[in-house]
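Here is a short report on side-chain contacts. It takes aromatic rings and then charged pairs.

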Amino acid sequence: MKPLVLAGIVAGIATTMLGYAPSSVAQTPGWQEVSFRKDVNPILEQNCAVCHTHGGVGYAKSGFSVESYATVMKGTQYGSVVVPGSSVSSNLVWLLKHGANSSINMPKMYQMKVLSNDKYVITPKQAQWLSPHDIWLISGWIDQGAKDN
């Protein structure tokens, strides 16, 4: 069997089993272009903004904000989280796929306990999973160059 045919079969099986296409398929000509504004930003707003904006717990710990394209591309106080053109090299994808230390996998769920009118405690719970489709969209956007589109 030719290597290209075999690669196509493997990609098809992975897409069927995982529910999303591997990054090499996302780069295939004619594949869906992923938009930051239309596709990625709504996922980040819905799942990450509560913690990763100014004043949020995640922002305080890491300096990472999902407030805009520019802040996502800036990354954390420790460095960038998106490597345009390579989702496998992007820390953002590793965290979303729970490929890092379990204490930093994302997105986190937090539980708030009100102690009084002006005091409360926010306790981190374990990380939840984004849908395979959401991870596929973010990975595809990065693999396509992480454009401000």
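How many aromatic pairs does the count come to? The count comes to three aromatic pairs in this predicted model.

**Aromatic rings**

Start with Phe-36 and Tyr-69. Their ring centres are 5.3 Å apart and their planes stand at 80°, so this pair is edge-to-face. Phe-36 belongs to helix H3, while Tyr-69 belongs to helix H5 (residues 69–74), so the contact ties together parts 33 residues apart in sequence.

Phe-36 also pairs with Trp-141. Here the centres are again 5.3 Å apart, but the planes meet at 40°, so the pair is tilted. Trp-141 sits in helix H7 and Phe-36 in helix H3, so parts 105 residues apart in sequence are tied together.

Are Phe-36 and Trp-141 buried or exposed? Phe-36 is buried, at 3% relative accessibility. Trp-141 is buried too, with a relative accessible area of 1%. Both values fall under the 20% cut-off, so both residues count as buried.

Taken together, Phe-36, Tyr-69 and Trp-141 form one aromatic cluster.

**Salt bridges**

Now the charged side chains. Side chains of opposite charge can pair when their charged atoms come close. The structure holds two salt bridges.

| Salt bridge | N to O distance |
|---|---|
| Glu-33 and Lys-147 | 3.4 Å |
| Asp-148 and Arg-37 | 3.4 Å |

What does the Glu-33 and Lys-147 pair tie together? Glu-33 lies in the loop between helix H2 (23–26) and helix H3 (36–47). Lys-147 lies in the segment after helix H7 (132–143), so the bridge ties together parts 114 residues apart in sequence. Lys-147 is partly exposed, at 40% relative accessibility.

The second bridge joins Asp-148 and Arg-37. Asp-148 is in the segment after H7 and Arg-37 is in helix H3, so this pair ties together parts 111 residues apart in sequence.

How accessible are these two residues? Asp-148 counts as partly exposed, at 47% relative accessibility. Arg-37 is exposed, with a relative accessible area of 52%.

**In brief**

Technical notes: Residues are numbered from 1 along each chain as its sequence is written. This is a predicted model: local features need pLDDT of at least 70, side-chain atom pairs count only at pLDDT 80 or more; totals for chains, interfaces and linings use all residues. Side-chain values use heavy atoms; hydrogens and water are left out. A salt bridge is a side-chain nitrogen of Lys or Arg within 4 Å of a carboxyl oxygen of Asp or Glu. Helices (H or I, at least four residues) and strands (E, at least two) are DSSP runs, numbered from the N terminus. Buried means under 20% relative accessible area, exposed over 50%, partly exposed in between (1.4 Å probe, protein chains only). Rings of Phe, Tyr and Trp (its six-membered ring) pair if their centres lie within 6.5 Å; planes under 30 degrees apart count as stacked, over 60 as edge-to-face and the rest as tilted.
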